[in-house]
Amino acid sequence: MRILVTGATGVVGTEVVDQLHTAGHPVTRVARRPADASLVGWRIGAGPAPAALHGHWDVIVHAAASTRWTLSRAEATAANVDALRAVLALADRDTHVVHLSTAYVGGVRNPEDLRGAEFEGYRNGYEWSKAVCEDVVRAEHAGPLTLVRPPLIVGRRGSGEIARFSGPYTIIQALVSGLAAVVVGDPAGYAEISPVDEVAALVVGAALGSPPAAPRTEVLAAGRGALTLDALLDVVCDTVNECRAAHGVDPVRRPPLVSGDSWNRFFLPLADQYLSPFQNQAVKLLAMFQSYTSMREPFEPTRTVVDPAGVMAASVRHWAARKPRLALARPEPWTMLAV
């Protein structure tokens, strides 16, 4: 089989390539910034495809994307939608396209949520662009198609290993550093996570399996077994404190939970007035996670993540082992500005 993987050095792409190699399948890897000659460099959508990418592909795994939640509509279109169209130009009607999307293109859309009015009810430019990408690939690819929708991605089940600490790891660091003086959200709301190796296994299984006769969508999530925000905070804080205790370091305090309504109505105006610019930036960053960790309904998975608490704990342990200065640091409490 001739298999192309875009975003091959990203969080999911790295794991997909490893699993394909383990299964004995050679892969052509594409990266925006190739680290060595084994990678094909291509700023997808910003220039023509290199000659090495011409010819028939049996499978194209499109894992490349800009995942920044601060993308403008124009930036999201260029980074993700235009890039997808450039990749689809390499596919023919016999190419099985396995497109990595996000579970958050489904679920509840709220125009009042974050920048939802700008992005048609989606939470941010990344999420909006992934929804547009799904429409584009369904409309413009005539061949077999599999859409893979994971939620927030953490480390491998068991070891917690991951190619890059991003996304949910921001919450971990904020809790340990003291920047998360409070956590905004619904304690009983659902917080969906999935281990990166299971996301990759779903992608690889689709790539090596029989191409679907009709477009297929796979959702990887825990469903009703998902952690609540309250339980997620317990897992993160308890695991961090286990690591700190092993090194004789005092535990971190679990921050209080504040409902989104109370925060927006009463606390945020005070935060704008009395917190430092750095603290305010941290507040706004953490607020972006609010709707991701406080969902009123979980996703309906086609593939179920079991024991998400164990997955999260393994991810925290791996983060603490790789980032000991952060994990063992003394939290810096918030201070109010003098006015």
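View 1. The model is a predicted one, in which local features need pLDDT of at least 70 and side-chain atom pairs count only at pLDDT 80 or more, whereas totals for chains, interfaces and linings use all residues. Residues are numbered from 1 along each chain as its sequence is written, and side-chain values use heavy atoms, with hydrogens and water left out. Helix α1 (residues 11-22) packs against helix α5 (residues 196-208) at an angle of about 55 degrees, and their axes are 9 Å apart; axes are lines fitted to C-alpha atoms, for helices over the stretch in contact, and angles run from 0 to 180 degrees between N-to-C directions. Helices (H or I, at least four residues) and strands (E, at least two) are DSSP runs, numbered from the N terminus. The crossing of α1 and α5 is right-handed, a term that applies if the near helix is turned clockwise from the far one by less than a right angle, left-handed being the anticlockwise case. Among the α1 residues that meet α5 (contact meaning heavy atoms within 4.5 Å) are Val-12, Val-16 and Leu-20, and the α5 residues include Val-196, Ala-200 and Val-204. This contact of α1 with α5 has 11 nonpolar, one polar and two charged residues, where Ala, Val, Leu, Ile, Met, Phe, Trp, Tyr, Cys and Pro count as nonpolar, Asp, Glu, Lys and Arg as charged, and the others, Gly among them, as polar.

**View 2. A salt bridge between Asp-18 and Arg-156.** The closest N and O atoms of this pair are 3.9 Å apart, a salt bridge being a side-chain nitrogen of Lys or Arg within 4 Å of a carboxyl oxygen of Asp or Glu. Asp-18 belongs to helix α1 and Arg-156 to the loop between β7 (152-154) and α4 (169-177), so the pair ties together parts that are 138 residues apart in sequence. By this rule, the count of salt bridges comes to 17.

**View 3. The open sheet of eight strands, with parallel pairing.** The strand order is β3-β2-β1-β4-β5-β6-β11-β14, and two strands pair if DSSP finds at least two bridges between them. At the edges stand β3 (39-41) and β14 (303-304), each of which pairs on one side only. Strand β2 (residues 28-31) pairs with β3 in the parallel sense over three bridges, and Ala-31 stands opposite Gly-41 in β3. Helix α2 (residues 73-88) lies across β1 (3-6), β4 (59-62) and β5 (96-100), and runs at about 170 degrees to β4.

**View 4. Helix α4 with its partners α9 and α6.** With helix α9 (residues 308-322), α4 packs at an angle of about 65 degrees, the axes being 11 Å apart. Ile-172 and Val-176 are among the α4 residues that meet α9, where Met-312 and Trp-319 are included in the contact. The axes of α4 and helix α6 (residues 229-246) come within 11 Å and cross at roughly 60 degrees, and the crossing is right-handed.
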